Number of protein chains: 2
Amino acid sequence: MAPPKSWLAIPKDSEFSLSNIPFGIINSKGSPLEKRPAIAISDHVLDLKAFSKGDGFAGLASLSKEHLEVFSQSTLNAFAALGQPVHNSVREYIQDVFSETTSRPEILKDNDALRKEALLPKHETKTHLPMEIGDYTDFFAGKNHAFNTGALFREPKNALQPNYTHLPVGYHGRASSVVVSGTPITRPSGQILLDPTADPKVPAFSASRLLDIELELGCFICKGNDMGSPISINKQAEESIFGFVLMNDWSARDIQAWEYVPLGPFNGKNFGTTISPWVVLPSALDSFRAEKIPNEAKILPYLQESRQDTVYNISLSVDLTTSEGDTTTISRVSASNLLWSFPQMIAHHSAGGCPMRTGDLLGSGTISGTGENDLGSLLEMSLGGKKDIMLTGMHVRRFLADGDTVTIRGVCGEEGSYVGFGQCSGTVASAVPF
Amino acid sequence: MAPPKSWLAIPKDSEFSLSNIPFGIINSKGSPLEKRPAIAISDHVLDLKAFSKGDGFAGLASLSKEHLEVFSQSTLNAFAALGQPVHNSVREYIQDVFSETTSRPEILKDNDALRKEALLPKHETKTHLPMEIGDYTDFFAGKNHAFNTGALFREPKNALQPNYTHLPVGYHGRASSVVVSGTPITRPSGQILLDPTADPKVPAFSASRLLDIELELGCFICKGNDMGSPISINKQAEESIFGFVLMNDWSARDIQAWEYVPLGPFNGKNFGTTISPWVVLPSALDSFRAEKIPNEAKILPYLQESRQDTVYNISLSVDLTTSEGDTTTISRVSASNLLWSFPQMIAHHSAGGCPMRTGDLLGSGTISGTGENDLGSLLEMSLGGKKDIMLTGMHVRRFLADGDTVTIRGVCGEEGSYVGFGQCSGTVASAVPF
């Protein structure tokens, strides 16, 4: 099928093609104080507040005046709360409005005034956190990562804990520490064991020496549940998903190693988690469904899905750019490398009655493949910090250096109709002196 | 010192004496749709929205018109964000207004109209969550509890993990599951091992059979920090505290036992955490400062406090009431049984740069003493479910039964000037059928 064409110039390699239409929050040179919803298309964004104000949604009768108020908010929460049918009709409407053969040329194609008002060059805008995040939960569904890291600390046959194949293991993360792509990440200080083999163990307070990345896919919730009322795996769980973002769950391995017994990761994780700014809807990814990693365990009914293709074949990549400006792609891996899908994570999360809310963020856990060049963390690439990772420009890393920039990208599809996420990027700033 | 007297009748045993003045959120029979701030005094509440509207704060010049808007909000977040000096001046002003020898009788004592409008009988009001909670973190600072539970699963000499005396161990909880006293708690279902000794381990999906309580003190944050900028232990950490509540961190021990390796508690905890409705300010507790449990470890500088009396001697009690209406006090213990203070928890939490925000909730962890009658969980009272707990009325428990009501109370001081928290209570509802 030939990709749909637009009257707007869309480069063939744009990840914001007419097939995508992801949602975000922007401000602009023209209105710097006003954060508002937008969609990304080609090298432009469509300011949905201006578009709505200028009667851009006049052709979408199903959107009431009340609905239109969601486009005057500074987060996407109110839009998300309207539910998937509304998200999809807005996306399809915008696809039509931008189509070369649009049925509504008067809306934007032939409307110079509204184009000028609402269609902004991306470089004149800035993106912000798309959602007000209620709770953030990070799962551990990347089986290859769980195996690789388990094998570093235990025998390979015991790499996975007994519960791993029975439930999507996860932990509650820190919502306040989630930031949008481009935000600097300060190297955390904390308690670490300078000599982990010493007895007794005596911690020092130090800047982390083992700063790492975690390549993840994030998922925003649009539709929650009442406390005590679980979300069922089929239908309900898929309908509770607003969309997806790329995620880097920065991790301080030395802080984490000392603190995490028995209650899990804490300061080793809560100093920063970066997400990409554009929320890609499930409908934009529907053509890229893929099957999960097979699970040989007998799954309990509340986690059994009626279809198996509930993850996505998104081509993820990780670039490491040194402060000298040398960039190396250190990983390429498909986002389908998960043992558990997001619907399964949602069904499990709410199985005991935990209330999910609009704006909650779920992380997949680190996504790794089974080779050497498709790993989602430096911990795995350096075999637990024992092996050098060779970079372009004669640089060497085992963990991150100050000034390093890590950029995650994710894209699906073919030339002319790519569906991508934009960058999920952050630069490491030196630790605060103490 | 004789307790201060009020023109309002305050029973000698009231925990809401003139020495207290805790803040909460109410609605009332008269205005059921309007949640607004209030303080509790005797058997009444002072509706701060009505009080403010009726010029009740006319005598407090330091409160600007902008400040007064915080009393029209449906949570205490805006009031909390004004900082301790404002909280304290409002509390002292209200103490004066209610004093028998008030310097401002025209404000309320002799103002029939405003008394009628703003001073409501408590039984005509209902309390709600006092704060919009950003993130909820639960610590593990009750050393006796940590030792008791560690000793159930390991030898006593290894009961505490090596990190325990070096840092306040904690984990990120689930903010969406925090509810106000009086909210029913549905028994969670989840994955449990019907036979934990079987090999291989095979989970079943079942209603929890080991539903437990955790007696805790909660702490709300009023003043946060920017990401990357730690809160220092002395001065800053104490100033970041808005006030305290009682907390029951309901726990499903069987769900927790199977899920918690390696990332910590998840569905075993996130089905409900109950807090008491009235936030007691640090200034109200200042006379009840006590010393922490001594720590023999060498504490790192970022956790060293300039004074040692940074916990409180609050008399906590736990009542268990069966569905037949028989009540047994199953525990009495002082809230001073902590190895780490809240300022230490705050300094540790933010040490790596994690941003704290107004409305964040911290739990102390379960508070137990060293005897048999001062334990903070049924897990400890029943020695890991192996010993019957005998209740009034010939009832027996090891864990909670459906219909059980657990009520936590906390009070400081002496007859006539008690400082108390009100009830932290919840009743167990049967599991959702599946």
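**Close-up 1. Asp138(A), a buried residue of the predicted model.** In this predicted model, Asp138(A) is buried, with a relative accessible area of 1%, and its place in chain A is strand S6, which spans residues 136–139. Beyond its neighbours within four places in sequence, Asp138(A) is in contact with several residues, among them Gly170(A), Tyr171(A), Glu214(A), Glu216(A) and Asp249(A).

**Close-up 2. The residues annotated as a binding site in chain A.** The unreviewed UniProt entry places its "binding site" annotation on Asp138(A), Glu214(A), Glu216(A) and Asp249(A); these residues are spread over 112 residues of sequence, yet they cluster in space, with a largest C-alpha distance of 11.0 Å. Asp249(A) lies in the loop between strand S14 (241–248) and strand S15 (251–252), and Asp249(A) counts as buried because its relative accessibility is 0%, under the 20% limit. Leaving aside neighbours within four places in sequence, the contacts of Asp249(A) include Asp138(A), Glu214(A), Glu216(A) and Lys269(A).

**Close-up 3. Two cis peptide bonds.** Most peptide bonds are trans. In chain A, however, a cis bond with omega of about 5° joins Val261(A) and Pro262(A), and Pro262(A) is found in the loop between helix H8 (253–259) and strand S16 (273–275). In chain B, Asp199(B) and Pro200(B) are joined by a cis bond with omega of about 0°, Pro200(B) being in the loop between strand S10 (189–192) and strand S11 (204–207).

**Close-up 4. Positive phi at Ile21(A) and Met394(B)****.** Ile21(A), with phi near 60°, is found in the segment before strand S1 (23–28) and is buried at 0% relative accessibility. Met394(B), with phi near 65°, is exposed, with a relative accessible area of 79%.

Notes
Residues are numbered from 1 along each chain as its sequence is written. Chains are lettered from A and ligands numbered from 1 in the order in which they are written. This is a predicted model: local features need pLDDT of at least 70, side-chain atom pairs count only at pLDDT 80 or more; totals for chains, interfaces and linings use all residues. Side-chain values use heavy atoms; hydrogens and water are left out. UniProt positions are given in the numbering used here, feature names are shortened, and annotations may be inferred rather than shown by experiment. Helices (H or I, at least four residues) and strands (E, at least two) are DSSP runs, numbered from the N terminus. Buried means under 20% relative accessible area, exposed over 50%, partly exposed in between (1.4 Å probe, protein chains only). Contact means heavy atoms within 4.5 Å.
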